[in-house]
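Subject: Structure handover

Hello,

Here is the structure for you to look over. My notes on it come after the files.

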Amino acid sequence: MLLVLMLRSWMLPRWLLLGLVVAGMGVASPFRARSMEDEGTVLRTETLKQRRSAELKQGPLSVEVQLRPAVNPAGHQATQAVATVRVKGEVVGVLEGPESPVGMNGAAVVQIVNLDPANVYPEVLLSAFTGGAHCCNQMQVLTRPMGQQLWRTVHLGPFDGGPAPARTPYGGTVPLIVSADNRFLYQFACYACGRAPTRLWQLEGEQFVDVSHQLRYRPLYRRELESYQGLLDQPRDPDGNPNGWLAAYVATKALVGERPQGWQQMLERYSATSDWGLKACLGGYDAKGCRTPEVVYPNFPEALKAFLQRTGYWN
């Protein structure tokens, strides 16, 4: 079951508008053309309108979804999505989303979906939008790991973007959590100037594991590379800073086993004048700033190589 709500464009948050624009451009989808029933049962809280609750059911498992009035940390009126999970009528867990702006009706997706095939029962996913210009999708999953009697809550995120259900990507057989790799945001360019590779997360027991590097998902990343073609075809702008999207491009090329080719394309296009990302704090921050002296790189290629090594794309 998929409930969909059509909203006026001025009511839509930035992440949703961006998704509609991409869809309109005909960018190839990295997901299977499968019915939503294959991905479980889904409810989007925007569809509730004046109703404040709804129920999802799959076999002996049911989820009561409620929109509750709340007050956010800034003291403003807000709405909170709450999912109460029952098995054969007995409550086994409760998932509570963040306080989101009142007009967004909780801005959440609740889904019953088999994220870990080893488990007896499917999982319940709550993906909720926190509000904010560039933030954030918080994800929680209620699961009963194999061999255990108690249900556990597993957290993932927050990630850039809005709420979304789990999906099965090309090459896969199990629904995954699909997110942006937040580590690329603001790394080498402004938010709007850069891009981030897609990151894939699979539930295993009581933790999510990054499976982006598995060979089976290369078809997904090959499709993602198609979206860079327009940027690659643009004439070089001596006053521009393409380093943000070039970093994500090289990382995505690495995921399909073509890092050397991507690296060469980067060398032909990068900005040598931008100093964004040439300093790195590797010791972490405290109230006084970087705990250790910052590392300073002589140029973008050196900074990018070190960054890709730290984030696992170079190996």
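Below are the notes, from the chain as a whole down to the sheets and helices.

This is a predicted model, in which local features need pLDDT of at least 70 and side-chain atom pairs count only at pLDDT 80 or more, while totals for chains, interfaces and linings use all residues. Residues are numbered from 1 along each chain as its sequence is written, and side-chain values use heavy atoms, with hydrogens and water left out.

Overall

The protein chain has 6 helices and 16 strands. Helices (H or I, at least four residues) and strands (E, at least two) are DSSP runs, numbered from the N terminus. Of the 315 residues, 47% are buried. Buried means under 20% relative accessible area, exposed over 50%, and partly exposed in between, with a 1.4 Å probe and protein chains only. Among contacts between residues at least 6 apart in sequence, 57% join residues at least 24 apart; contact means heavy atoms within 4.5 Å.

Two strands count as paired if DSSP finds at least two bridges between them.

S2 (residues 53-58) and S3 (residues 61-71) run antiparallel and are joined by 6 bridges. Within this pair, leucine 56 stands opposite valine 63 of S3. The hairpin of S2 and S3 has 2 residues between the strands, and glycine 59 there takes a positive phi near 60 degrees.

S3 is also joined to S4 (residues 77-87), by 11 bridges and again antiparallel. Here glutamate 64 stands opposite threonine 84 in S4. Threonine 84 counts as buried because its relative accessibility is 8%. Leaving aside residues up to four places away in sequence, threonine 84 touches Ser62, Val63, Glu64, Val91, Gly93 and Val94.

The five-stranded sheet

A second open sheet is made of 5 strands in the order S1-S6-S7-S8-S9, with antiparallel pairing. Its edge strands are S1 (41-44) and S9 (152-159), and each pairs on one side only. Neighbouring strands in this sheet are turned by 15 degrees against each other on average, direction ignored. At one end of the order, S1 pairs with S6 (residues 108-113) in the antiparallel sense over 4 bridges. The bridge partner of arginine 44 in S6 is valine 109.

The helices

How do H4 and H5 cross? The axes of H4 (residues 243-255) and H5 come within 7 Å and cross at roughly 165 degrees. H4 is therefore roughly antiparallel to H5; angles under 35 degrees count as roughly parallel, over 145 as roughly antiparallel, 65 to 115 as roughly perpendicular, and the rest as oblique. The crossing of H4 and H5 is right-handed, meaning that the near helix is turned clockwise from the far one by less than a right angle. From H4, Trp245, Leu246, Tyr249, Val250, Lys253 and Ala254 meet residues of H5, including Trp263, Met266 and Arg269. By class, this contact of H4 with H5 has 7 nonpolar, 3 polar and 3 charged residues. Ala, Val, Leu, Ile, Met, Phe, Trp, Tyr, Cys and Pro count as nonpolar, Asp, Glu, Lys and Arg as charged, and the others, Gly among them, as polar.

H5 (residues 259-269) also packs with H6 (residues 300-311), at an angle of about 150 degrees and with the axes 11 Å apart. H5 and H6 are therefore roughly antiparallel to each other, and H5 passes H6 in a right-handed crossing. Trp263, Met266 and Leu267 of H5 meet Phe300, Pro301, Leu304, Lys305 and Leu308 of H6. The contact of H5 with H6 has 7 nonpolar, no polar and 1 charged residues.

Arginine 223 counts as partly exposed because its relative accessibility is 28%. The C-alpha atoms of arginine 223 and tyrosine 170 are separated by 9.6 Å, and these residues are 53 apart along the chain.

Regards

Conventions:
Axes fitted to C-alpha atoms, helices over the stretch in contact; angles between N-to-C directions.
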